[in-house]
Amino acid sequence: MKYKVSIGLETHVQLKTRSKIWCGCPNRFGQPANTDICPVCLGYPGALPSLNREAVRLTVVTGLMLGSTINRRSKFDRKSYFYPDMPKNYQISQYDEPFCTGGHLNINVNGGSKRVEITRIHLEEDVGKSIHFEQSSGVDFNRAGTPLMEIVSEPELESPDEAFAYLTALKQVLLYGDISEGNLEEGNIRCDINCSLRPMDSDVLGSKIEIKNMNTFRGVHRSLVYEIKRQIGILDNGGVIQQETRRWDDDSGLTSIMRTKEHAHDYRYFPEPDLMPIVLTSEEIDAMRSAIPELPADRRNRFAVEYGLPEYDAGILTSDRDLADFYEAAAKISGNYKAVSNWIMTDMLHYLSEEGIGIDKIKITPEALAELVDLVVQNTINMPAAKKIFRILLESGGKPTAIMEDKGLAQISDSDSIDVFVEEALSSHPSSVADYRSGKKAALQFLVGQVMRLSKGKANPRAAMESLKRRLDSGDPGN
Amino acid sequence: MRSLNALPVHELNQLLQNGECSSVDIVSDVISAIERVDDRIGAYLDYDGEHALKEARASDERRSNGCQLPLLGIPVGLKDVLNVRGMACGCASRILEGYTSPYDAYVVTRLREAGAVILGRLNMDEFAMGSTNENSAYKPTRNPWNQDYVPGGSSGGSAAAVSACEAVAALGSDTGGSIRQPASFCGCVGLKPTYGRVSRRGLTAFASSLDQVGPVVRDVRDAALLLEVIAGHDRFDSTSLNIPLSSYRDTLTGDISGMKLGIPKEYFIDGMDPDVKKTVQDAIDKCAELGAELVDVELPHTEYAVAVYYIIATAEASANLARFDGVRYGARVDGRDPLDMYGKTRAGYLGDEVKRRIILGTYVLSSGYYDEYYIRAQKARTLIRNDFENAFGTCDALIAPVTPTTSFRFGEKGDDPLQMYLGDIFTVPVNLAGICGISVPCGMSGSGLPIGLQIIGPAFKEERILRAAHAYEQATDWHNQKPEIARTAGMS
Ligand SMILES: [Zn+2]
């Protein structure tokens with residue numbers, strides 16, 4: 001039988017704030033265990049939460065970027081369950097009055113585009129991390145109290161590819177808005193999956209299987225491929241899917257049962273009495289709205305139109321906010337949109353992937369790239385020289401003109417100087433001259449190469465070729 | 001001269017200022033009182049006399065250098081729910097054995113800034129759950145007026161210490177009457193400020209939407225003085241409100257002529273102790289004599305208050321006390337896995353009343369019961385709050401008993417928690433409404449036990465109830481009565 005797959009994602013995003021959500025402890029990764037802690041994030045007796053307004057702002061900005069309705073009044077609730085990594089044994093979260101309701105995210109999958117509805121976005125606190133030793137376990141509470149935003153999608157994703165595309169697009173938005181570091185290795189983005197299957201002709205959603213705590217996009221994809229196959233196997237054999245929660249084992253590539261519906265937690269939500277409801281004024285929301293950046297999809301379209309770039313190039317250039325900012329700055333200075341794009345699309349991205357670094361680590365400035373493009377256009381340097389200069393700019397920065405002068409890379413274009421090299425090339429290679437004249441036009445390329453060699457790469461290749469042709473065709477010297 | 005430990009703080013301040021005594025004298029008198037009587041009263045869980053004397057010496061030094069602070073050199077006892085850096089904070093529970101607090105509660109910071117000497121930790125019902133101090137995991141506190149009787153609770157240690165002259169002032173906490181009721185049972189003055197008036201930071205939470213720290217003291221002037229010190233906005237407690245403070249002592253004019261005092265008829269019920277009823281009636285008459293205008297008011301939803309209170313308070317407590325799990329601090333019993341460890345730790349180290357309330361609170365929040373209990377209780381809470389708002393439309397403050405009875409014998413209420421809970425009927429509505437109330441001594445029962453008068457005011461109108469209570473107090477002598485044991489404690 002054919003089945004329709006419905007996938008929903010609950011994505012947890014650690015927000016990029018300086019301090020934690022309820023206390024002044026730094027919000028950062030990689031410190032020695034239990035060093036970024038205090039009575040508040042350890043849940044000591046009498047400790048009270050005090051809301052970090054920056055976390056609220058980032059949540060609302062995310063909602064604005066995704067077209068959510070921002071609720072004027074929201075509140076926090078306590079979600080109770082016992083777990084060693086939970087300092088208070090309840091998590092402060094939002095149950096029925098989140099900051100944002102609704103919204104959508106456009107995803108690109110298999111060459112098409114699809115709009116995925118967002119159910120809600122709420123704010124909560126992250127928990128600590130259990131660490132298991134040989135004979136015992138410990139908990140590192142550095143992460144406890146990190147602001148965690150949860151973005152819940154409608155179950156509208158229909159394949160592992162769509163789930164992957166959703167997460168990719170979401171991450172892009174989060175990076176654009178400067179909402180999160182977006183570092184998967186550090187657990188900045190994690191998600192819970194729910195997935196159900198139903199026969200193609202049915203309107204009723206099937207029993208929901210949840211897969212908890214996914215921390216890579218690839219893992220989400222793989223686990224869904226596995227899970228869908230597993231469920232089809234059961235359904236095709238006349239079996240019934242029971243609502244349950246499963247865990248994914250990345251090594252074995254299998255999901256296994258964590259708990260059944262009967263053992264589902266009763267979280268006993270109730271309004272958090274330690275925090276007052278949050279009321280946002282329209283002025284506050286407007287101020288946040290004015291600070292949101294252009295979204296990746298909008299920027300891609302604008303790049304294509306404004307700079308006349310192919311869709312593909314515009315897509316690559318806008319995939320990363322810093323990259324797009326770099327392009328746009330260089331393009332505006334240079335005015336030669338295509339040339340700037342070519343440099344970034346080929347040499348720069350190649351260099352970045354070769355070195356395995358981000359754009360923030362390179363030394364070249366948009367001004368320098370624009371200047372380099374200009375030098376090429378003005379025939380001040382030729383391409384091989386430009387590439388040499390570009391490499392130096394990437395690695396150590398500087399001004400292209402200064403590097404050109406320092407390294408003696410200026411192109412030789414004046415005909416007197418060129419002619420000197422041309423004459424030498426012709427007189428040293430009489431056989432090539434003969435070849436050319438007997439119709440073997442390829443010999444010309446060889447002779448141009450000789451001119452370049454003699455000029456140590458500085459001759460303007462076009463000028464060299466013209467000079468060669470003029471002399472060869474007129475049958476003038478060298479013969 | 002009377003021993004210093006029997007004087008109110010404002011008189012001690014006067015003596016200190018005049019150079020007639022030193023802080024060391026005061027602290028020494030208090031310590032010797034503790035040494036003489038506390039084995040019979042059980043008010044203190046712990047105190048560090050040596051440290052207190054050191055602080056007293058430092059205070060005297062500061063005073064000699066011209067320092068003037070509202071509580072400079074005055075020893076203050078703290079209910080064991082308040083965190084003091086470097087000290088235990090046990091909430092009279094064994095589950096916090098070994099816990100040393102790494103921080104000062106907001107009110108402790110304010111006390112220190114005012115120059116107070118932190119004296120020791122006062123006994124209480126475990127996690128402030130109880131009305132008798134019988135629920136302390138360590139020892140019961142006894143009523144200084146008759147040691148066969150309970151001191152009330154949960155701030156029983158605070159009230160007994162002040163009453164027996166083992167402390168000149170103390171802080172307690174009031175979630176459903178835990179300051180006013182023991183103050184009434186022991187013959188002291190106890191003030192529950194408006195919710196949001198005093199920061200709860202560092203007060204170990206019982207029920208977050210009801211808890212409030214307040215003073216337990218000798219007279220109304222001291223209540224005003226301590227409130228001035230501990231009240232105020234704390235930006236790290238989002239339930240603490242930024243509403244300007246009054247100079248509470250300045251409002252104690254002794255004049256209540258024209259003040260409209262409302263008498264809620266629901267607070268004079270059948271089955272009330274006749275002594276209490278008569279004494280409170282006399283006190284009301286006294287207020288009329290002083291020029292107050294009496295008006296009858298209704299608080300029609302009073303009968304639901306106890307049920308509403310025990311749903312909301314236990315719901316919040318069930319979450320607040322979940323943190324006592326043996327993982328990070330306090331007692332731990334190892335287990336096969338975390339769940340086993342929680343079970344064993346909590347079963348072994350929490351008392352019966354605490355467990356009862358955690359179970360009750362867990363139940364009322366459970367899916368399927370939440371709407372029926374918690375949501376309905378919240379709705380009823382709104383009605384109770386509206387009752388008070390309506391009443392305050394026709395009067396300035398309410399005047400009523402604190403409790404339906406005086407103190408009772410240990411074990412007298414038996415094993416019936418419901419009977420015990422009903423004793424809170426006149427105090428819990430004030431917490432549910434988030435308003436303020438004060439208990440002031442107004443007489444003695446036939447069997448020689450103190451009776452308290454409760455004056456209830458609108459939110460953030462502490463100055464009003466302080467003024468009324470002060471005027472009444474100054475027109476009577478009840479606040480000067482001392483139990484017999486206070487003589488042993490060094491009162492001449
Ligand atoms: Zn912290």
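Predicted model: local features only at pLDDT ≥ 70, side-chain atom pairs only at ≥ 80, totals over all residues.
Which side chain does a polar contact of 2.6 Å join to that of Asp77(A)? The partner is Lys75(A).

**Domains of chain A**

- The domain assignment divides chain A into domain 1 (3-284), domain 2 (294-407) and domain 3 (415-474).
- Between the C-alpha centres of domain 1 of chain A and domain 2 of chain A there are 37 Å, and their contact draws on 8 residues from domain 1 and 10 residues from domain 2.
- Together, domain 1 and domain 2 of chain A bury about 730 Å², with 55% of that area on carbon and sulfur atoms.
- On the domain 1 side, Met65(A), Gln172(A) and Tyr176(A) lose the most area to domain 2 of chain A, and together they make up 76% of what that side buries.
- The count of salt bridges between domain 1 and domain 2 of chain A is 0, while 3 residue pairs are in polar contact across this interface.
- Helix α2 (residues 160-176) gives the most to the side of domain 1 that touches domain 2 of chain A, with 4 residues.
- By residue type, that side of domain 1 has 4 nonpolar, 3 polar and 1 charged.

**Where chain A meets chain B**

- Here 29 residues of chain A are in contact with 39 residues of chain B.
- The two chains bury about 2,700 Å² between them, and carbon and sulfur atoms give 59% of it.
- The interface of chain A and chain B holds 1 salt bridge, in which the side chains of Arg200(B) and Asp274(A) meet at 3.0 Å, N to O.
- There are also 19 residue pairs in polar contact between chain A and chain B.
- On the chain A side, β4 (77-80) and β16 (270-271) each supply at least two residues.
- The side of chain A that touches chain B is made up of 19 nonpolar, 5 polar and 5 charged residues.

- Asp77(A), from the opening question, sits in strand β4 of chain A and counts as buried because its relative accessible area is 1%, under the 20% cut-off.
- Leaving aside neighbours within four places in sequence, the contacts of Asp77(A) include Gln91(A), Tyr95(A), Asp96(A), Phe270(A) and Glu272(A).
- Ser439(B) belongs to strand β10 (residues 436-444) of chain B and is buried, with a relative accessible area of 0%.
- A polar atom of the Ser439(B) side chain lies 3.3 Å from the backbone oxygen of Arg180(B).
- Not counting residues up to four places away in sequence, Ser439(B) touches several others, among them Ala183(B), Cys188(B), Val402(B) and Leu453(B).
- Cys38(A) lies in the loop between β1 (3-14) and α1 (53-65) of chain A, and is buried at a relative accessible area of 18%.
- Cys38(A) touches Cys23(A) and Cys25(A), not counting residues up to four places away in sequence.
- The C-alpha atoms of Cys38(A) and Cys23(A) are separated by 7.8 Å, and these two residues are 15 residues apart along the chain.

**Salt bridges**

- Side chains of opposite charge can pair when their charged atoms come close.
- Over all chains, the count of salt bridges comes to 57.
- Lys4(A) and Glu158(A) form one of them, with the closest N and O atoms 2.4 Å apart.
- Lys4(A) lies in strand β1 and Glu158(A) in the loop between β11 (147-153) and α2 of chain A, so this pair ties together parts that are 154 residues apart in sequence.
- Lys4(A) is partly exposed at 25% relative accessible area, and Glu158(A) is partly exposed at 34%.
- Arg190(A) and Asp126(A) form a salt bridge, with 2.8 Å between the closest N and O atoms.
- Strand β12 (residues 189-199) holds Arg190(A) and the loop between β8 (112-125) and β9 (129-132) holds Asp126(A), so the pair ties together parts of chain A that are 64 residues apart in sequence.
- Arg190(A) is buried at 16% relative accessibility, and Asp126(A) is buried at 3%.
- In chain B, Asp340(B) forms a salt bridge with Arg336(B) at 3.4 Å between the closest N and O atoms; Asp340(B) is buried at 12%, whereas Arg336(B) is exposed at 70%.
- A network of salt bridges links Glu294(A), Arg299(A), Arg302(A), Glu306(A), Asp325(A), Glu328(A) and Lys332(A).

Definitions and conventions
Residues numbered from 1 in each chain as written. Chains lettered and ligands numbered in written order. Heavy atoms only, no water. Domains from an automatic or database assignment. Contact = heavy atoms within 4.5 Å. Buried area = accessible area lost by both parts, 1.4 Å probe. Salt bridge = Lys/Arg side-chain N within 4 Å of Asp/Glu carboxyl O. Polar contact = N/O pair within 3.5 Å; in protein donor to acceptor, adjacent residues only side chain to side chain. Nonpolar A, V, L, I, M, F, W, Y, C, P; charged D, E, K, R; others polar. Buried < 20%, exposed > 50% of the residue type's maximum accessible area, 1.4 Å probe, protein only.
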